Amino acid sequence: MKSDVRLRDEEYACLVVVDGLETALSLLASLSAAFVFKTSEPMVCGRDTGNCSFRVAYGPGVSSRQLRGLLSAVPGVCLGTDLKAGEADPA
């Protein structure tokens with residue numbers, strides 16, 4: 001099953017937007033296995049869209065480029081068009 005994932009670089013962190021809670025939890029588990037990180041905010045899930053979003057802070061363990069590589073290596077993940085700065089959170 002393909003999971004659409006969209007990213008927005010926020011300089012200090014990356015907003016990750018996925019289609020559904022199950023997908024979001026699965027991605028968080030995959031990322032947690034790859035490196036130690038803390039999200040800067042809790043996960044948010046939209047009732048109308050079904051999308052969930054969370055942020056992954058950049059740091060010594062991961063840069064924007066490394067995070068993109070980790071996400072694209074997760075089986076079933078399809079990276080979509082990046083969200084632009086100022087674009088409303090889809091969740």
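The model is a predicted one. In it, β2 pairs in the antiparallel sense with β1 and also runs antiparallel to β4. Helix α1 places buried residues against both β2 and β4, among other elements. A disulfide links Cys45 and Cys52.

**Strand pairing**

- β1 and β2 are antiparallel and are joined over five bridges. Within this pair, Arg6 stands opposite Val17 of β2.
- β2 and β4 are antiparallel too, with seven bridges between them. Val16 faces Phe54 of β4, and Asp19 stands opposite Asn51 of β4.
- β4 is mostly covered, with six of its seven residues buried.
- Strand β3, made up of residues 44-45, runs antiparallel to β4 and is joined to it by two bridges. The bridge partner of Val44 in β4 is Ser53.

**Turns and backbone angles**

- Three residues lie between the strands in the hairpin of β1 and β2.
- Glu11 sits in the loop between β1 and β2. Its phi is positive, at about 65°, although Glu11 is not a glycine.
- Glu11 is exposed: its relative accessible area is 76%, and the cut-off for exposed is over 50%.
- The hairpin of β3 and β4 has five residues between its strands. In that turn, Gly50 has a positive phi of about 80°.

**Helix α1**

- Helix α1 covers residues 21-34, which is 14 residues. From first C-alpha to last it reaches 20 Å, close to the 20 Å expected at 1.5 Å a residue.
- The buried residues of α1 are Thr23, Ala24, Leu27, Leu28 and Leu31. Viewed down the helix axis, these buried residues fall within an arc of 135°, so they line one face of α1.
- Glu22 and Ala33 are exposed residues on the face of α1 that is turned away from the buried side.
- The strands that the buried residues of α1 pack against are β1 (3-9), β2 (13-19), β4 (51-57) and β5 (77-79). These α1 residues also pack against helix α2 (64-73).

**Cysteines and the disulfide**

- A disulfide is a covalent bond that joins the sulfur atoms of two cysteines.
- With a cut-off of 2.5 Å between cysteine sulfur atoms, the count is one disulfide.
- The disulfide is formed by Cys45 and Cys52, with their sulfur atoms 2.2 Å apart. The torsion about the S-S bond of Cys45 and Cys52 is about 105°, so this disulfide is right-handed.
- Cys45 is partly exposed at 39% relative accessible area, whereas Cys52 is buried at 2%.
- Cys14 counts as buried, at 3% relative accessibility.
- Cys78 is partly exposed, with a relative accessible area of 32%.

Conventions
Residues are numbered from 1 along each chain as its sequence is written. This is a predicted model: local features need pLDDT of at least 70, side-chain atom pairs count only at pLDDT 80 or more; totals for chains, interfaces and linings use all residues. Side-chain values use heavy atoms; hydrogens and water are left out. Helices (H or I, at least four residues) and strands (E, at least two) are DSSP runs, numbered from the N terminus. The expected span of a helix is 1.5 Å times one less than its number of residues. Buried means under 20% relative accessible area, exposed over 50%, partly exposed in between (1.4 Å probe, protein chains only). The arc is that of the directions from the helix axis to the C-beta atoms. Contact means heavy atoms within 4.5 Å. Two strands pair if DSSP finds at least two bridges between them.
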